[in-house]
Amino acid sequence: MTPPEYEYLRKVLRDSSGLDLSADKQYLVESRLLPLSRKAGLSGIGELVEKVKSGSASLAARVVEAMTTNETFFFRDKTPFEHFRLSIMPEVLRTRASRKSIRIWCAAASSGQEPYSLAICLKEMGAALTGWRVEIIATDLSQEVLEKSKSGLYSQFEVQRGLPIHTLVKHFTQKGELWQINADLRAMVQHRQLNLLHEFSQLGLFDVIFCRNVLIYFDQSTKIRIFNRLAKALEPDGFVLLGAAETVVGLTDVFKPCPERRGLYRLSCARETLSNARPADAAGPKLAAMAGL
Ligand SMILES: C[S@@+](CC[C@H](N)C(=O)[O-])C[C@H]1O[C@@H](n2cnc3c(N)ncnc32)[C@H](O)[C@@H]1O
């Protein structure tokens, strides 16, 4: 791959998915795109770049798919799901008692392990949620991972990663060599393709947003823009969970970390005051009512 070809691919990836590759990642791009160009019957990355340049949208989408990291597993990092069960849900049960509804968004849901882990947590709450409307919206840039998530089918290796055996036996059914998450849990999750770089206000407001292990791939200004837009998609007393290597600290003050609850954030200022690009030092009025966590 020539340097101009690499620069072109870097720009395509940054503009279309937010993926911010440093100048020295040619080997990574080659190792992921050579198999794709072969599969597409092309002579190599040079021809792949030419096709993308000449406007092949389907090939451009496949380039993005090949370059994104879809790594995920059930109850990944454990702690976010403990926060969900032990901190978030008790408060939601109290504050939404009259409305009896909860809306959760998994903003980069990959192949479904994260939204289904949340569905399992909710299912295991049993009667506490009787009569409640529960919505889990799973979105991702990649249609391929969303299709897998919709199928709810996982290999032995995938179910062994993060699922205790009793949870597996209780909520999954063996289908040949695969395991399928049961229909009642599949029905709790709605799937939609969505690029976080694009508008998402159409999804409405959420009580809880899981946006984990995706912003880590973006550059600072993209992270800030997305944080500010996530803030507008959150109920004023809602919760945001980020990945273990992600933080808002030093990037924006629209969210504040919850003390002693790693990865958990709440709004720190009234949503109406948010501008589109809010630097970390431009604090808005703090919501006095943000008590609790
Ligand atoms: C590493 S996985 C994280 C999955 C899950 N949240 C977790 O923590 O286990 C990152 C996911 O982000 C998706 N992704 C990458 N860029 C995106 C974008 N611009 N908009 C939406 N999803 C994106 C990828 O397709 C991938 O499925």
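These legends describe close-up views of a predicted model. Local features need pLDDT of at least 70 and side-chain atom pairs pLDDT 80 or more, while totals for chains, interfaces and linings use all residues. Residues are numbered from 1 along each chain as its sequence is written, and side-chain values use heavy atoms, leaving out hydrogens and water.

**View A. Phe81 in helix α5.** The helix spans residues 79-95 (helices: DSSP runs of H or I, at least four residues; strands: E, at least two; numbered from the N terminus). Phe81 is buried at 2% relative accessible area (buried: under 20%; exposed: over 50%; partly exposed: in between; 1.4 Å probe, protein chains only). Beyond neighbours within four places in sequence, its contacts include Phe75, Leu118, Cys121 and Phe210 (contact: heavy atoms within 4.5 Å).

**View B. The salt bridge of Glu71 with Arg161.** The closest N and O atoms lie 2.7 Å apart (salt bridge: a side-chain nitrogen of Lys or Arg within 4 Å of a carboxyl oxygen of Asp or Glu). Glu71 sits in the loop between α4 and α5, Arg161 in the loop between α8 and α9, 90 residues apart. Glu71 is partly exposed at 38%. Arg161 is partly exposed at 25%.

**View C. Arg99 and Glu235.** Their closest N and O atoms are 3.5 Å apart. The pair joins the loop between α5 and β1 to strand β8, 136 residues apart. Arg99 is partly exposed at 37%, whereas Glu235 is buried at 17%.

**View D. Glu135 and Arg133.** This salt bridge has its closest N and O atoms 3.3 Å apart. Glu135 is buried at 11%; Arg133 is exposed at 53%.
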